[in-house]
Amino acid sequence: MSRQKRVFLTASAAAFFGYLWEFYLIHSHPPFLFFKVKPTWWIQGIILFISWRMGVFLTGLWKFQPASFSKKEVDREEEVKYLSRIYQDLSLSLRLEKQKFEAVLNGAPDGILTLDETGMIGFWNGSMEKLTNLEKEDVLGKPYGEALNFYSGAKLIDFLTFNGKNTVNLLDCKVGVSNGKEFPAFLSISSLKQDDKTPGQMIVTVKDITAQKEVEKLREEMIAMITHDLRSPLSSILGYAGLLQNQKLCVTEEDRQKFLAALIRSGKGMLLLINNLLETARMEEGKILVLSEPVKIKAVLDEVAENLSSLAKGKNLVLSVEAKDNLWVDSDKDKIHEIITNLLSNAIKFSRSGEAVKIASFEKNEKVNISISDSGPGIRNEDKELIFEKFSKIKKQGSTTGLGLYIVKKLTEKLGGEIEVVSQEGVGSTFTLVLPASRRSSASAQMSLVGSR
Amino acid sequence: MKKKILVIEDNKDHQTIVKSSLELKNYSVACVDNPSDAIHYLLEEKADLIILDLWLPEMDGLSFLKDLKNIPEFSGIPVIITSGTFGNEYDLLKLNGCGIKEYFMKPYDPDELVEAVGSFLEEERLS
């Protein structure tokens, strides 16, 4: 029976009996009559209404009486049902939470495993499987020593008991896997127990740091290279200065000049390297502004050749510049200057005494070509891709920081040009910078063509 | 008789500096810029001491040093190392493994190098 129906029926019954009671009071017991008037239809109506409300009120009281009062058995049954439903809900949500938690742990980028008090593996996440190539099924329930070897000098458990801490981090720990794999890792070991003496369950996070190690190594090599390349000319400068200062050494005037030229040369070499380092840093920060202005190629080439003439002279090289007056580009003069300086100093560096280094410039297919050729040892085919990489140090070419050509490539890209390399081992190399010709250059070229006709 | 010193160094400036400093002390100095020339020189003329620059072209200075120590004829020649850098401590360990006791980081004082050469040759003479 629904609640409304029950209330309605009880209320009607109460109203009916109330009416009877009132009727009885009025007609059978005149002394109890409240009103000394003959009940009229509206008094009867009011009484009927009051009785009805009383009935509803009484029904409400009856409805909300304590469970122990009546229907005891039925309510307990409901209670048990209700409790069991709560329990089911709880266990379901717990299971879902656990699944969610495990999914999170499994998907974590770092390897995570848990160990119980005796060092048995209780959990092994997906990243751990990937890191070690060991399946979860193969390791669960086994002592961790069978799967992993942490070259840490002590057992994992000891770390926590000895240190009395809840978490211990091993910054750089070599991890060996039973299948022979090895990798450097950052280990974080946490104990779930608060007691200092006895270790509880342990959670071990294993972060593979192979990539970081490689970056570190690269940085170390880079720093070593830079220091070498800076120390080398500095050493020359100090050495020559020492020779010039030495009173006991009978330096002829010719030698004196030679030493001084070498001093200047070394200083310039250092300056070029420092400029290159700064330029690289600026490039990496993206702080490179490229101008577009008319640049006279001949002026730039002459300037660079003049700057590096002492280098060329020091090695007895024959340096020649070939450039026409009417060759112009709309570009950034300083950047072209830098590119040519790097290419030319490389050519000088790799030329042997007495050889020729040629700078030539010409226009072809509305492009301006500037080529720098040497008769040096040339570049091996397998190295041709590598030379433009940052800090590329190709063996046989001696000590270079490997920044020059990297800068050449990057700047050329910025200028919208191209760099072409033709090189043969044992014959020499030619680097050509190709830039779009300026309209002025093409126009004057055409005019000169017209004029020649 | 003048003591012969072989300088293996690819930087011409350093060659000049070392050569001039050593010739001042009456040593006979020969300079080569790569290990193969060095081997040729050693085969033809004996050297009393070698000054070797690491980071040589063609061959890593360390492997040249190892090769040198493996040839019985040359293994007894004292070697002084000069270099612009030593990479890291592993390289130093490797050097110690090759029996190198003395090395000069660039920039070094040529006078100190000359002094070291003197004391090495003195040791040689006494032993």
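This note goes through a predicted model point by point.

1. Basis. The model is predicted: local features need pLDDT of at least 70, side-chain atom pairs count only at pLDDT 80 or more, and totals for chains, interfaces and linings use all residues. Residues are numbered from 1 along each chain as its sequence is written, chains are lettered from A and ligands numbered from 1 in the order written, and side-chain values use heavy atoms, with hydrogens and water left out.

2. A:Asn125. This residue sits in the loop between β2 (121-124) and α4 (126-132) of chain A. Helices (H or I, at least four residues) and strands (E, at least two) are DSSP runs, numbered from the N terminus. A:Asn125 is buried, at a relative accessible area of 0%. Buried means under 20% relative accessible area, exposed over 50%, and partly exposed in between (1.4 Å probe, protein chains only).

3. Around A:Asn125. A polar atom of the A:Asn125 side chain lies 3.0 Å from the backbone oxygen of A:Asp110. Leaving aside residues up to four places away in sequence, A:Asn125 touches several residues, among them A:Leu105, A:Ala108 and A:Gly111. Contact means heavy atoms within 4.5 Å.

4. Strand β6(A). Strand β1 (residues 111-115) of chain A pairs with β6 (residues 202-208) of chain A in the antiparallel sense, over 5 bridges. Pairing requires that DSSP finds at least two bridges between the strands. A:Gly111 stands opposite A:Val206. Strand β5 (residues 182-191) of chain A also pairs with β6(A), antiparallel, over 7 bridges. There, A:Ser190 has A:Ile203 as its bridge partner.

5. Helix α10(A). The buried residues of this helix include A:Ile297, A:Val304 and A:Leu308. They pack against β7 (293-296), β8 (318-322), β9 (328-331), α11 (333-349), β10 (356-364) and β11 (367-374) of chain A. After α10(A) comes A:Asn316, with a positive phi near 55°.

6. Aromatic pairs. The structure holds 5 of them over all chains. Rings of Phe, Tyr and Trp (its six-membered ring) pair if their centres lie within 6.5 Å; planes under 30 degrees apart count as stacked, over 60 as edge-to-face and the rest as tilted. A:Phe16 and A:Phe17 have ring centres 5.8 Å apart and planes at 65°, so this pair is edge-to-face. Both A:Phe16 and A:Phe17 are exposed.

7. A:Tyr240 and A:Phe259. Their ring centres are 5.2 Å apart and their planes at 40°, so the pair is tilted. A:Tyr240 lies in helix α8 (residues 210-245) of chain A and A:Phe259 in helix α9 (residues 253-284) of chain A, so the pair ties together parts 19 residues apart in sequence. Both A:Tyr240 and A:Phe259 are buried.

Methods:
Polar contact = N/O pair within 3.5 Å; in protein donor to acceptor, adjacent residues only side chain to side chain.
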